[in-house]
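Hi everyone, thanks for making time for this.

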Amino acid sequence: MDLSLLMSQFLSGLSRGMMLFLIASGLSLIFGVMNILNFAHASLWLAGAYFCHSFWLLMEEYGFALWVSIPLAGLVMAGIGWFIEVVLIRRVYNRSLPEQLLLTYAMVLIIGDLIKISWGVEDRIIVRPPEVAGPVFFFGIPFDSYFIFVILVGVAVAIGLWLFLQKTRYGHIVRAAVFSREMVSALGIPIPRIYTGVFVMGIFIAGMAGAVQAPVGSITLGMDMAVIIQAFCVVVIGGFGSLLGTLVGSIIVGEIYAFSILYWPQGALVLIFVVTAIILIVRPWGLFGTPMRA
Amino acid sequence: MKRYGWFLGLIFVFALVLPLLVGEFWIHVAVEILILGLFAVSFNMIFGYMGQLSFGHAAYYGVGAYVTGMLMVKAGVPLPICLAASMIGAGICAFIIGYFCVRLTGIYFAILTMAFGQMIYYIIFKWYSFTGGDDGLQGIIAPGLLFSANGYYYFTLFITVLALMVMWFISESPFGYTMRAIRDNADRTRFVGINVRRYMLINFVIAGMFAGLAGALWGPFNRSIAPDLTNWHQSGTPVFMTVIGGPFGFFGPMLGSVIYTFLFAFVTGFTEYWPLIIGLVIIFVVLFVPGGVLGFFESRMEGLRSRRSRSPKPEESTP
């Protein structure tokens, strides 16, 4: 096995991991703060990809089409996320876990069909702008330049989220809410507003991630179903509510996939679930989580 | 629940004469109701009685379906033996998986059962030489008398009623009440000297075995099986049925299966957007009818009865 193949496999695993990180970071944050596991996260991610395609189509003749469409899709999804939070999620804050899960699961079905109604069943393809169309060379190894872009976006979001959580007042409140909601509430901080803010932020990142994913391959109905389960695995491995954990978990899952595809293609996805199950059995709160709410 | 005895008898008689009343299409729907209802009732052994959400219950359903399917197609084993083998196969799977799952509760239990379920799905999906992979398994034909729609209907009815009776006795036995105790307060149950994990594991295996039985019945009915039977969407079906019907009653999931399957047969007749409809139904039930249809009617009847008699009934321990 030569080094160049390992290197390119590592980079593709990294880009895959970063893609998962973009989805899982919002999922983890929402669960950490609101204690709601959002099944529909990947469905909103997919909706972001479709929105990106529509915006891109409108501006097709301009060179900047994709670069404008990505944040635009994120913003639209943030609006939709706000609507969902206020209309639906808010009603189940105090409900039991299965009820909350079912509500978001029902959203998966509804959003899936709404996407089908709005955009039809044909696959959508975004033609990449010339900046990211060709390969780039690392030590003479060709590598898809768009994957580099994906990795950069992942790193940027990770740093941005870290700065937000560590350096801003609002971020401190969010971190405190992960630790103890009761205490935050006792300090006079309106918890529902924090919840809404976190949810909208998570969906904004997910929508943008969908838009970033869109030009990787074709946009297909049902993509969300496979992705959401892998995002769950990432969050479980890293630990709910931990940003660092989500980052590490994403890279682990991405690399497991990239390397097992090389050596044992049938087992790639099985292996991800084996690792997830082992973590859950040995350390249910994940690599970087804190053992708290069961 | 005893006071509904006459009502259950009436439904059973109705089920017996059903083939005289309706055509073959609705007999197929009825078989589906029975199989999925059995699946949902077995799921509720974990959800309603043990208080844990299993999101990988389709794994045992699928394993049951594959054991029967492969024994029939590859070895020509008679159907009754296949059903028993399916229960054993699914039970073994549930034992191995449950051994780890009962160590966790709440969200972690749900995700671990799901992770194991997905493992089984991908194993069946990728193991072409053994399971046929995503081509599935075709030509699972029920023998002789059972080949006709009515024949298979009566067979399914017989097996389902038998299985329901066994599960009913389990749920009303001291074991069943131990499960309720664990659901309501696992710590206190442990304090009185009950090995909570062992009881949970036994319950998990029983639930898995009956899910396997339901899966075994599915193959000869559908004449083919596919790995999708074990995928996580399939695990959602019994959850939906149970929540629609009501988890706090033995027959709630069965009622849920009737509503769900009828709705499915009806809605898919004129639109392809079935997920949209069922999604809206689920949201409606979760937001406005938290106890499910059965819970809704029971609270209504309680209300009527107490208004009539003016004497508060003692707190009833419905499952």
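Let's begin with Asn35(A), which counts as partly exposed because it has 17 C-beta neighbours inside 10 Å. A word on that term: a residue is buried if 20 or more other C-beta atoms, placed from the backbone, lie within 10 Å of its own, exposed if 12 or fewer, and partly exposed in between. Before going on, please keep in mind that this is a predicted model, where local features need pLDDT of at least 70 and side-chain atom pairs count only at pLDDT 80 or more, while totals for chains, interfaces and linings use all residues. Residues are numbered from 1 along each chain as its sequence is written, and chains are lettered from A and ligands numbered from 1 in the order in which they are written.

Where does Asn35(A) sit? You'll find Asn35(A) in the loop between α1 (3–34) and α2 (41–58) of chain A; helices here are DSSP runs of H or I with at least four residues, strands are runs of E with at least two, and both are numbered from the N terminus. Asn35(A) is not a glycine, yet its phi is positive, about 60 degrees. Most residues other than glycine have a negative phi.

Arg223(B) belongs to the loop between α10 (196–222) and β2 (224–225) of chain B, and with 13 other C-beta atoms within 10 Å it is partly exposed.

Now let's step back to chain A as a whole. Chain A holds 11 helices and 4 strands, and 49% of its 294 residues are buried. Its C-alpha trace spans about 60 × 45 × 35 Å along the principal axes.

What do the chains share? Their contact takes 30 residues from chain A and 33 residues from chain B, where two residues are in contact if their C-beta atoms, placed from the backbone, lie within 7 Å. On the side of chain A that touches chain B, the elements giving two or more residues are α4 (97–119), α9 (223–238) and α11 (268–282). Of these, α4(A) gives the most, with 13 residues. That side of chain A divides into 24 nonpolar, 3 polar and 3 charged residues; Ala, Val, Leu, Ile, Met, Phe, Trp, Tyr, Cys and Pro count as nonpolar, Asp, Glu, Lys and Arg as charged, and the others, Gly among them, as polar.
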